[in-house]
Amino acid sequence: MWTSKNWIGGEWTVPAGESWAVHNPSNVSDIVGTVHLSGPAELRQAGVAAQQAQTSWAAMNLPQRGEQLLKIAALLEQQAAEVARLASLEMGKPVTEMTGEVMRGVHLLRYYAAEGVRTVGSVIPNSQAHTLQYTKRIPLGVVGVITPWNFPVAIPMWKIAPALICGNTVIWKPAEIASLTATRLAEIFAQADLPAGVLNMVIGKGAEIGSLLVEEGPLDGISFTGSTKTGMGVAGAAARRNIKYQVEMGGKNAAVILQDADLDLAIPAVLSGAFRSAGQKCTATSRIIVEQPIYSEVVRALQDAVPRLYLGEATDVQAYLGPVASEPQYQKVLSYVQVARRAEVLAEGSWDHVRPDTGHYLAPLVVTGVEAASPLVQEEIFGPVATLLPAANFDEAVELCNGTVYGLSASIFTRDLQKGLRFLDQADAGMLRVNQETAGVEYQAPFGGVKHSSSHSREQGAAALDFYSQVKTCAVYFG
Ligand code: NAD
């Protein structure tokens with residue numbers, strides 16, 4: 001049995017307030033552990049600890065901060081199997097995928113550790129002679145980090161690692177339903193002897209502790225990932241306080257299959273984008289747009305493949321997808337499944353490896369015959385439901401692709417270089433791919449969306465360093 005704890009100022013505490021039992025989404029009769037929710041007092045303590053630690057953490061030189069991240073990376077790698085298993089039990093992501101995610105966390109830590117010895121500014125000519133003009137980066141100060149449950153390791157790491165290397169201290173509010181995994185991660189930071197107060201983790205409800213952190217926390221910056229509705233509120237509050245913010249939010253991502261596509265490449269990529277992690281990725285393929293001449297062929301291929309996808313318990317190494325993460329998530333996705341069942345169901349997953357009543361399982365579903373205004377086409381479902389949309393030609397496919405308020409990721413499958421390149425220009429999304437699935441990130445490349453998917457900022461890669469620091473322009477006259 002696992003128990004959530006707060007890690008504040010280097011001390012472990014269990015808040016005395018409300019608590020709840022965590023049920024394994026693969027088998028809801030199993031209790032995985034207990035989550036203890038914090039109140040405002042714990043958040044205030046975290047604020048004081050983060051402020052007190054910031055000056056000395058920023059004064060440490062960059063390679064020393066990098067060494068700290070390398071130590072955390074080594075410990076996370078050693079404990080990867082256990083962390084992955086706990087996350088699978090807590091939020092239902094299949095353990096093979098979860099292990100890959102933990103290793104992504106290791107690579108993110110190593111990547112940002114190396115940033116500790118890279119260039120931090122540039123020398124710029126000055127209009128006056130005998131003047132050295134240059135820029136340098138300085139930390140923001142105290143940064144708030146609010147994370148969702150669907151990538152319980154990678155997203156915290158892609159925020160906390162660059163925040164720390166830039167010299168900030170952090171107050172981290174993880175998602176409620178990833179609190180046990182978050183506690184386990186914080187333990188690894190503690191094992192690495194990170195100085196007290198550099199990372200402070202406070203477990204609590206988003207609407208209470210998350211909101212209080214954004215509204216009143218002693219923050220110089222806030223990085224949020226989650227739903228568009230919450231993210232817009234976070235952005236508004238941060239703007240009112242004039243603190244630096246980035247919000248990465250929802251998606252309604254499309255994969256376009258043109259008539260010249262290699263279907264042996266396109267079909268597995270579309271299935272993976274739509275159904276891995278039970279469709280609970282911000283970059284999941286939610287709409288499959290198919291050029292008319294190959295529409296029937298694509299339908300047949302999906303009808304052949306979808307029933308063979310292995311829906312299993314998250315700890316089953318063969319599982320292609322597991323349950324959805326929680327009871328509320330199940331109810332939300334189920335409401336879309338009910339809408340989808342009123343449309344034309346084209347393909348449906350099988351129940352060969354699990355019983356529907358044991359966990360929060362939903363079989364993969366592909367539907368068609370819906371209007372462009374349908375919630376199935378416009379709203380983020382965040383579950384294993386994909387909608388097939390026929391398009392008369394390339395132009396109509398792009399129009400459909402762009403026809404939502406979201407703009408996170410989009411793909412096209414084609415052998416036509418010209419159309420592939422035109423798509424990269426015309427599709428409204430921050431992450432664009434030709435002949436690859438919509439889901440997936442590269443930690444060394446900038447990540448983020450356009451429209452209602454993002455504050456137009458970018459995470460990961462060198463872009464993260466821009467967010468977690470501010471630039472000072474300095475001039476020294478020596479004539
Ligand atoms: P959510 O918005 O419900 O919660 C995200 C985080 O915000 C949680 O830690 C939650 O406790 C906290 N929170 C909730 N209300 C808050 C408030 N009023 N003030 C401050 N914090 C608050 O999202 P979720 O259900 O945890 O995650 C799923 C969503 O995240 C999906 O929309 C998905 O697309 C999105 N997501 C986006 C990306 C991306 O990089 N664009 C990546 C992963 C997930």
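In this predicted model, 28 residues surround the ligand. The closest are Thr147, Lys173, Glu176, Ser227 and Glu380. By residue class, the shell around the ligand divides into 14 nonpolar, 10 polar and 4 charged residues.

The location of the ligand was examined next. The ligand takes up the space of the largest pocket. Domain 1 spans 2–249 + 454–477, and domain 2 spans 253–442. Both give residues to the shell, so the ligand lies between them.

Several secondary-structure elements take part in the shell. Helix 7 covers residues 206–216, strand 10 covers 221–225, and helix 8 covers 228–241. Each of these three elements supplies at least two residues of the shell around the ligand. The largest share comes from helix 7, which provides 4 residues.

Tryptophan 149 places a polar side-chain atom 3.1 Å from an oxygen atom of the ligand. At alanine 175, a polar backbone atom is 3.5 Å from a ligand oxygen atom. Glycine 206 also uses its backbone: one of its polar backbone atoms is 3.4 Å from an oxygen atom of the ligand. On its own, the ligand has 850 Å² of accessible area, and the protein covers 86% of that area.

Terms used:
Residues are numbered from 1 along each chain as its sequence is written. This is a predicted model: local features need pLDDT of at least 70, side-chain atom pairs count only at pLDDT 80 or more; totals for chains, interfaces and linings use all residues. Side-chain values use heavy atoms; hydrogens and water are left out. A residue is near a molecule or strand if one of its heavy atoms lies within 4 Å of it. A polar contact is a pair of N or O atoms within 3.5 Å; within protein, one must be able to donate a hydrogen and the other to accept it, and residues adjacent in sequence count only if both atoms are side-chain atoms. Accessible areas come from the Shrake-Rupley method with a 1.4 Å probe; for residues, only the protein chains shown count as cover. On a 1 Å grid over the protein atoms alone, a cavity is a set of points where a 1.4 Å probe fits but cannot get out, and a pocket is an open set with protein on both sides within 12 Å along at least five of seven lines; lining residues have an atom within 4 Å of a point. A molecule sits in a cavity or pocket if more than half of its atoms lie within 2 Å of its grid points. Ala, Val, Leu, Ile, Met, Phe, Trp, Tyr, Cys and Pro count as nonpolar, Asp, Glu, Lys and Arg as charged, and the others, Gly among them, as polar. Domain bounds come from an automatic or database domain assignment.
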